[in-house]
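Let's walk through this model together, one step at a time. Keep the sequence and the 3D view side by side as you read.

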Amino acid sequence: MADFKVHQRDGEGVSVIDLKGYLDAHTAPDLENAFQRLLNDRKFNIIVNCRELSYISSAGLGVFMAFIEDVRKNKGDIKLTNMSAKVYNVFDLLGFPILYEIFKEEQEAIKRFSEQKKS
Amino acid sequence: MLSTGLKTAARSVPTRSSKLFGANAFNAAGSSPKPEFSMQEKFKRDLKSLSRVFRFIDSFFSKHHLDSSKKQEVLLAVEELFTNVLKYQAKSAKGITIGLRKGNGEVTIRMIIPDTEAFDFTKAKDPDVDLPIELRRPGGLGIYLTKRMVDRIEFSYRNRTTTITLTKTIGASDA
């Protein structure tokens, strides 16, 4: 099975987390740590790029739930991009598209952050 | 002995109401005799076992040349149940046995969990996935996902042992 990897990149006013592999109950703490580091650094504009994410379970989705309120209280957001159909399906079944903005491409999420900053 | 079956709402029809069937209805669903579990393995009650569980299911799907999208759904259903046991039935150190078989156009997954309290999760109330974030409460999402990943679930409890049988229909070309 594929391992799970979290990689962080910082753009202009936006932090991007790249996910790769299987996000399950065993690997979810890795993502939790990544979010926690961003919050500690007061980085609240977060994009999670799921291009190489092969699998997600409720434990992985729970990590997004655990941080979103703190992020939004600080006028930031977590936006999701580049999901495969099978990963999107899990998000969709649990009603996550009404809770999070999900974009096809990372660039669209960056643009959205930029628009929100202006307004 | 407590025994129930749940015909799930299936992923393609994500309604939130599921119809309950008795265990006999489950058994009568296939007219042909069911083959034995061709693969069976015992796993420690530990999160670290998850990757081994995944490899076990992966090797079954590879061996039988089955549709990998169905594999993802089986992995998800099994992970959610496995982690549920770790969360709510953590007192025992006894391992969880998972058996897999293919036959009659279906993949059947059987989990035998010894030394458990009785909890028939098929009767658990589904979470409201249309609620806004501030009204959502933790819990219930994993079981909800399991119900949507497979076609039938049978639960039985006897002598402190829980047996969960999941059935996933596979395509005709895979059968």
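Start with the side chains of A:Asp10 and A:Lys43, which meet in a salt bridge with 2.8 Å from N to O. A salt bridge here is a side-chain nitrogen of Lys or Arg within 4 Å of a carboxyl oxygen of Asp or Glu. Side chains of opposite charge can pair when their charged atoms come close. This pair links distant parts of the chain: A:Asp10 sits in strand E1 of chain A and A:Lys43 in the loop between H1 and E3 of chain A, 33 residues apart. Over all chains, the whole structure holds 18 salt bridges.

A word on how to read all this. This is a predicted model, where local features need pLDDT of at least 70 and side-chain atom pairs count only at pLDDT 80 or more, while totals for chains, interfaces and linings use all residues. Residues are numbered from 1 along each chain as its sequence is written, chains are lettered from A and ligands numbered from 1 in the order in which they are written, and side-chain values use heavy atoms, leaving out hydrogens and water.

Now look for the sheet. Chain A has an open sheet of 5 strands in the order E1-E2-E3-E4-E5, with mixed pairing. Helices (H or I, at least four residues) and strands (E, at least two) are DSSP runs, numbered from the N terminus, and two strands pair if DSSP finds at least two bridges between them. Strand E1 (4–10) and strand E5 (102–103) of chain A stand at the edges with a single partner strand each, so one side of each has no neighbour in the sheet. Helix H1 (residues 28–40) of chain A packs on the sheet, touching E1, strand E2 (15–23), E3 and E4 of chain A. Touching, or contact, means heavy atoms within 4.5 Å.

How is E5(A) joined to strand E4 (residues 77–81) of chain A? The two run parallel, with 2 bridges between them, and A:Leu80 stands opposite A:Ile102 in E5(A).

Finally, turn to where the chains meet. Chain A brings 24 residues to the contact and chain B brings 28 residues. The area buried between chain A and chain B is about 2,100 Å², with 67% of it from carbon and sulfur atoms; buried area is the accessible area (1.4 Å probe) that two parts lose on being put together, summed over both. Between chain A and chain B there are 0 salt bridges.

Note on methods: Axes fitted to C-alpha atoms, helices over the stretch in contact; angles between N-to-C directions.
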